Amino acid sequence: MLTRRKILVGLAGLGLVSLPRAASSQQSRNVRLIVPAAPGGAIDAVGRLYADRLKDTLGQTWVVENRAGANNTLGAAEVARAAPDGTTLLTNADIHLMAKHVMKQVPYDPVADFSPISRLATSPMVFVGHPGRTPADLGALAAEMKSARDKHTYSNSGLGAMGHLAAESFNNRIGVKAVVVSYRGTAPALTDVIGGQTTLMVAPLGSALQQIQAGNLRAFAVMSEQRVPQLPSVPTIAEAGFPGLSFMLWYGLWGPKGMPPDLVTQLNAAVQAASKHSDLVRKLTALGAEPVTETAADFARFLAAESTRSAEIARIAGITPPAN
C-alpha cells in the first residue's frame, strides 16, 4: 500500500503539488466534509469513500457531517459561508446546480460561491419499479401510464436531482404527467418504492443495485449508452425503446469561494491519487460508479457546460419552482 509520503513525493515529481507545502499546510488541518443529503444514499456513500482515502493521503482527520434539508441547500449553504481555508468542504451531486431552477430562493450561487476541486465519480441511473405493482417491461409501463394516468408515481431523491430530470423527461416523452414525489435523499425515496408507497424511481445504480438483485425492485432499463456489468441482462434505455434519454449521475468536491489556488491544486492532486487507488476503485465499482480524474480547471469547465445543459432540460421538462 502506498504511504502518504510516497504519494506526495510522486505527486511532487509530476509537478502537481509541492511536498513541503503539502506536508506543512495540510497535515495539521482537520477537515469537515459536509454531505447535504441523508445518510445511506449515493452522495453519502461516495463522500465517505473519498474521505476515508483522503485522510490517509493527506494525514488529516476527515469528519463526514450529514446536513440534509432544503433540497440539499442547507449543507451547501454552510460550506458557502465557511472560511476558504480547506477545513470545510462539500461533496454533492448534479443536484447542486439545479437548486436555482426548483427553489424560489437559494442562499448562494452554485457556481460563483464555491471553489471547484474535482469531480469524484460518475454513475449510471437505473429506471426501477415496485415488482408487484408494475408491468414487466418499459414499453408496457409506458402504455399503462397512458391508460391509467393516476396509477403510478415516482419517488425522487430531491427536487432537481438527476433522477428528477430523468423522470420528467420520460413523462414528457410519453405524454403523461405522473407525479414526482421528492424526498430528503436517495435512501428514503427508494424505501417508499420498495414499500409500495410509490411505484417508480430513476435511481443511482449503486443505491438500487442490491435491492434489484434481491428482487425487491424491478429494473426496467439503465439510462446510459451501454449496459452495465452489474446488471448484464437489463437493457439500456435506448434498447428498451426510448433513445435520447441517457442520464449519468456525477459527484463532485467543492470548497468555499476564494480558496487559494495552491490549496485547490493540493486537494485536487490528492483526489487524483485517491481515484487511482485500487481499493477505492473496487469499492466504487461495487456501488455502480467509477472514478473521474481531472484538474480543477477541467471541473470548472464541466460545471459551466452542465449548468447550461441542466437548465435546458428543466425548461423542456417543465421543472419550475413550486408556487408556494
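Reply: Strands E5 (residues 154-156) and E7 pair in the parallel sense, over two bridges. Strands here are DSSP runs marked E of at least two residues, and helices are runs marked H or I of at least four, both numbered from the N terminus; two strands pair if DSSP finds at least two bridges between them. Across from Leu200 in E7 stands Tyr154. This is a predicted model, where local features need pLDDT of at least 70, side-chain atom pairs count only at pLDDT 80 or more, and totals for chains, interfaces and linings use all residues. Residues are numbered from 1 along each chain as its sequence is written, and side-chain values use heavy atoms, leaving out hydrogens and water.

E7 also pairs with strand E4 (residues 114-129), this time in the antiparallel sense over five bridges. There, Val202 of E7 is the bridge partner of Phe127.

The largest nonpolar core has 79 residues, and Phe127 and Phe170 touch the most other members. Such a core is a set of buried Ala, Val, Leu, Ile, Met, Phe, Trp, Tyr and Cys residues joined through side-chain atoms within 4.5 Å. Leaving aside neighbours within four places in sequence, Phe170 is in contact (heavy atoms within 4.5 Å) with residues including Phe127 and Tyr154.

Methods
Buried < 20%, exposed > 50% of the residue type's maximum accessible area, 1.4 Å probe, protein only.
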